[in-house]
Amino acid sequence: MSLPRWLTPVQPTLRLRLTLVYGAVFLAAGLLLLGVTYVLFDQQLDRSFNDRYTTEPGRTKQVFFVHDGVRLSGDAAIEWLRRQELELRGAAVTSLLTQGMIALVMVGGVAMGLGWVVAGRVLAPLRLVTETARKIAAAPMAERGLHERIALDGPPDEVKDLADTFDTMVERLDHSFDGQRRFVANASHELRTPLTLNRALVELAMHRRTASADVKELGESLLEINGRHERLIGGLLLLARSEQEVADRSPVDLADVVTHVVAQTAADAAAAGIAVYEVTAPAPTTGDALLLERLVHNLVENGVRYNVDDGTGWVRVVSRTVPGGRVEVEVSNTGPSVPPYDVPLLFKPFHRNSSERPLTGTSAGLGLSIVRSVATAHGGDVRARPRDGGGLIVVASLPASPDLFTP
């Protein structure tokens, strides 16, 4: 049983702990100083009082004075003076301890305040390190925030060494991710050439007059395999491209993109017996039009591919503007039930739904991975949830740009 939030103990921050340490050290030093002062003061009083009544050997000291009209001398005068000295000692000691403690408390409060300020200044570079690490961790994709650097200025010390080491580590990670993306892109480009050559050779062999039925059948199978590899490599290339933040942006209305994609996929959807419905409302944003078209195309294509095969299936595509300065494309479809715990796996590369239609089982498992990468590159995100009755609802959300489409 967990405790209520207001009963959960709050862990003190490092700044508060340092301030308390500063204050405790100051109070301990102040108490020690006050104790030493008291001992020295008491010894000095004893020495002063004793010197008043002691005499050198062979000499005598007569003490007499008049108090309230009465002349006191001898032992009576000395006794009266001793009582006065004891009262004076008590008043002096009390004043020293009382006022010393008051002064110690006041100066201790000031010292703790200064300690709070000093601790804040000392920990400022560490806060900068924390903020930079938090920006990197909060990036939609891990490698997106690796361009952040601390670049701490100041004299060489332990904190600056920590910041420089952190910058070096992040820079190496950034270079590593860049190298990985370049490798995927270069490998995809290089693999396209032999696949194109293979397609040409197979088609040439199939279209010969002397080609037998077995050769043509084998050629169809090889072309199908070759086409699947081409789609896989094309998806990898697009994935590598979409994982880079879009810098050159242009106005795009997602409603136009939805209309265009639905028209493009109408033939494939009709062949699969799937009805596609579109509900468009203005959804202006900015970005790369080709990448955004690929985002919507992959969503619609997945909606058609992972559907029922009894002729009653449908896909619904909606574009809209929502509060909070966002635009959305929502694609919902009929289909087999998807467990909620399996939804996050759909966005991982090379993951295929086990319910893929046999006749359209040409997926490379990159569709939703590309959707997520394109949305992230445009400053957006993608979320999905199972639809009641089977199928899936996928929503891609992007920043809106309402002023760009104002007449």
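**Salt bridges and a nonpolar patch**

Tutor: In this predicted model, Glu301 is partly exposed, with a relative accessible area of 30%.

Student: With which residue does the side chain of Glu301 meet in a salt bridge?

Tutor: Glu301 lies in helix 7, which spans residues 289-305. The N to O distance is 3.7 Å, and the partner is Arg305.

Student: Is Arg305 buried or exposed?

Tutor: The relative accessible area of Arg305 is 9%. Buried means under 20%, therefore the value falls within that class. Arg305 is buried.

Student: How far apart are the closest N and O atoms of Lys160 and Asp164?

Tutor: Both residues belong to helix 3 (residues 158-206), and they are 4 residues apart, so about one helical turn lies between them. Lys160 is buried at 17% relative accessible area, whereas Asp164 is partly exposed at 31%. The two form a salt bridge, and their closest N and O atoms are apart by 3.1 Å.

Student: What is the N to O distance in the salt bridge of Glu330 and Arg320?

Tutor: Side chains of opposite charge can pair when their charged atoms come close. A salt bridge requires a nitrogen to lie within 4 Å of a carboxyl oxygen. For Glu330 and Arg320 the N to O distance is 2.8 Å.

Student: Which strands does this pair tie together?

Tutor: Glu330 and Arg320 are 10 residues apart in sequence, so their pairing ties together separate parts of the chain. Glu330 is buried at 12% relative accessibility, and Arg320 is partly exposed at 25%. Glu330 lies in strand 7 (residues 326-333) and Arg320 in strand 6 (residues 314-322).

Student: Which residues are linked with Arg320 and Glu330 in a network of salt bridges?

Tutor: The count for the model comes to 6 salt bridges. The network includes Arg320 and Glu330, and the residues linked with them are Glu328 and Arg383.

Student: Which helix supplies the largest share of the nonpolar patch?

Tutor: The patch covers about 420 Å² and is made by Val21, Tyr22, Val25, Val118 and Val122. Helix 1 (14-53) and helix 2 (74-138) each supply at least two of its residues. Tyr22, found in helix 1, is partly exposed at 34% relative accessibility. The largest share, 3 residues, comes from helix 1.

Technical notes:
Residues are numbered from 1 along each chain as its sequence is written. This is a predicted model: local features need pLDDT of at least 70, side-chain atom pairs count only at pLDDT 80 or more; totals for chains, interfaces and linings use all residues. Side-chain values use heavy atoms; hydrogens and water are left out. Patches are made of residues with over 30% relative accessible area and no salt bridge: like charges are joined within 9 Å, nonpolar side chains (Val, Leu, Ile, Met, Phe, Trp, Tyr) within 5 Å. Accessible areas come from the Shrake-Rupley method with a 1.4 Å probe; for residues, only the protein chains shown count as cover. Buried means under 20% relative accessible area, exposed over 50%, partly exposed in between (1.4 Å probe, protein chains only).
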